Amino acid sequence: MPALSITSPDDPRIGDYLALTDVELRTRWEPPNGLFIAEGELVIQRALRAGYRMRSALVDEKRADQLTGLPPEAPLYTAPPPVLESITGFHVHRGILASFHRRELPAMEEMLAGARSLAVLEGLNTHTNLGALFRSAAALGIDAVVLSPNCADPLYRRAVRVSMGEVFAIPYAKSDDWPGTLKAIRAAGFSLLAMTPGEGAVSIADLTPAQRERPALLLGAEGPGLTRTALEAADARVVIPMHNGVDSLNVATAAAIGFYEITR
């Protein structure tokens, strides 16, 4: 399809891309309308390979002739950098954005049945941490991710970008029954391992073979950590041993270490 020139941020054809830096607005707009935004050619290609259907693309007019592999049925809009910035609210330094249709999330029961290892996230509401965590989960052999109802959206643009598109590589489901889902995870045969620096936690390196058979690593939000309810639902509490008086790590860093340990 030939490129379609956009000269005004008020053009109704590019409504999917308006005010991308407004987290509250985008959170209210994207999931209810069944779309998400991918940024950068690498991430867009990974979304396409994962089977997500593109709605449209918006690109710096200087890059339009350089792009390959985009689906011909999706409109390709071009605009000069000042117009792009007026539309999105930021300098689009990667030169290309694309809007995609979301897919229905897998049923929790079905996802648990098909997984051997899980990341279980409670209250992770920072998109950069969530994106980094998904990238580590995909790289280190975690089969699926369970999100509590108050977790951030893995398909929010920043989370997708930080994950380098790995949010498309690993199935996830969002709980609508918390903490009931924690009981369902244990009932499905997983060992629920709560990561915490608190009292009663054992070194994650000392997990037993039985605990490593089908591990589900439970992680809380940066700062507050896991709720008491989540800690009480766990089979065991585990900690990464620290040195030099450091009491904790960034949750995405801690998750990566935990994923490596439970899957090795």
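Let me begin with the charged pairs: the count comes to 13 salt bridges, where a salt bridge is taken as a side-chain nitrogen of Lys or Arg within 4 Å of a carboxyl oxygen of Asp or Glu. Please keep in mind that this is a predicted model, in which local features need pLDDT of at least 70 and side-chain atom pairs count only at pLDDT 80 or more, while totals for chains, interfaces and linings use all residues. Residues are numbered from 1 along each chain as its sequence is written, and side-chain values use heavy atoms, with hydrogens and water left out.

One of these pairs is Arg26 with Glu30, whose side chains meet in a salt bridge at 2.9 Å, N to O. Are these two partners buried or exposed? Arg26 is buried, with a relative accessible area of 2%, and Glu30 counts as buried at 1% relative accessibility; the cut-offs here are under 20% relative accessible area for buried, over 50% for exposed, and partly exposed in between, with a 1.4 Å probe and protein chains only.

Next comes Glu39, which forms a salt bridge with Arg157, the closest N and O atoms being 3.0 Å apart. Glu39 lies in strand β2 (residues 35–39) and Arg157 in helix α6 (residues 157–162), so the pair ties together parts that are 118 residues apart in sequence. Helices (H or I, at least four residues) and strands (E, at least two) are DSSP runs, numbered from the N terminus. Glu39 is buried, with a relative accessible area of 2%, and Arg157 is buried as well, with 4%.

Glu39 also forms a salt bridge with Arg161, and there the closest N and O atoms are 3.4 Å apart. Since Arg161 is again in helix α6 and Glu39 in strand β2, this pair ties together parts that are 122 residues apart in sequence. Arg161, at 21% relative accessibility, counts as partly exposed. Salt bridges that share partners, moreover, join Arg26, Glu30, Arg102 and Asp153 into one network.

Turning to the sheet, what is the order of its strands? There are 7 strands forming an open sheet in the order β8-β7-β6-β11-β9-β12-β10, with parallel pairing, and two strands are said to pair if DSSP finds at least two bridges between them. The edge strands, each pairing on one side only, are β8 (172–174) and β10 (202–203).

On β9, Ser191 stands opposite Pro215 in β11, and β9 and β11 pair in the parallel sense over 4 bridges.

β11 deserves a separate remark: 6 of its 6 residues are buried, so the strand is largely enclosed by the rest of the structure. Pro215, Leu217 and Leu219 point one way from β11, while Ala216, Leu218 and Gly220 point the other way. In a regular strand the side chains alternate between the two faces of the sheet.

Now the helices. In α7 (residues 180–187), the buried residues are Gly180, Thr181, Leu182 and Ile185, and what covers them includes α4 (108–113), β6, β7, β9 (191–195), β11 (215–220) and α9 (228–233). Gly189, which follows α7, has a positive phi, near 100°.

In α3 (residues 81–88), Val83, Leu84, Ile87 and Thr88 are buried. Seen down the axis of α3, these residues fall within an arc of 120°, so they line one face of the helix, the arc being that of the directions from the helix axis to the C-beta atoms. They pack against β3 (54–60), β4 (76–79) and β5 (96–101), whereas the face turned away carries the exposed residues Pro82 and Ser86. Just after α3, Gly89 takes a positive phi of about 95°.

Last, a loop residue: Thr196 lies between β9 and β10 and is buried, with a relative accessible area of 13%. Leaving aside its neighbours within four places in sequence, Thr196 is in contact (heavy atoms within 4.5 Å) with Ala201, Leu231, Arg237, Val238 and Val239.
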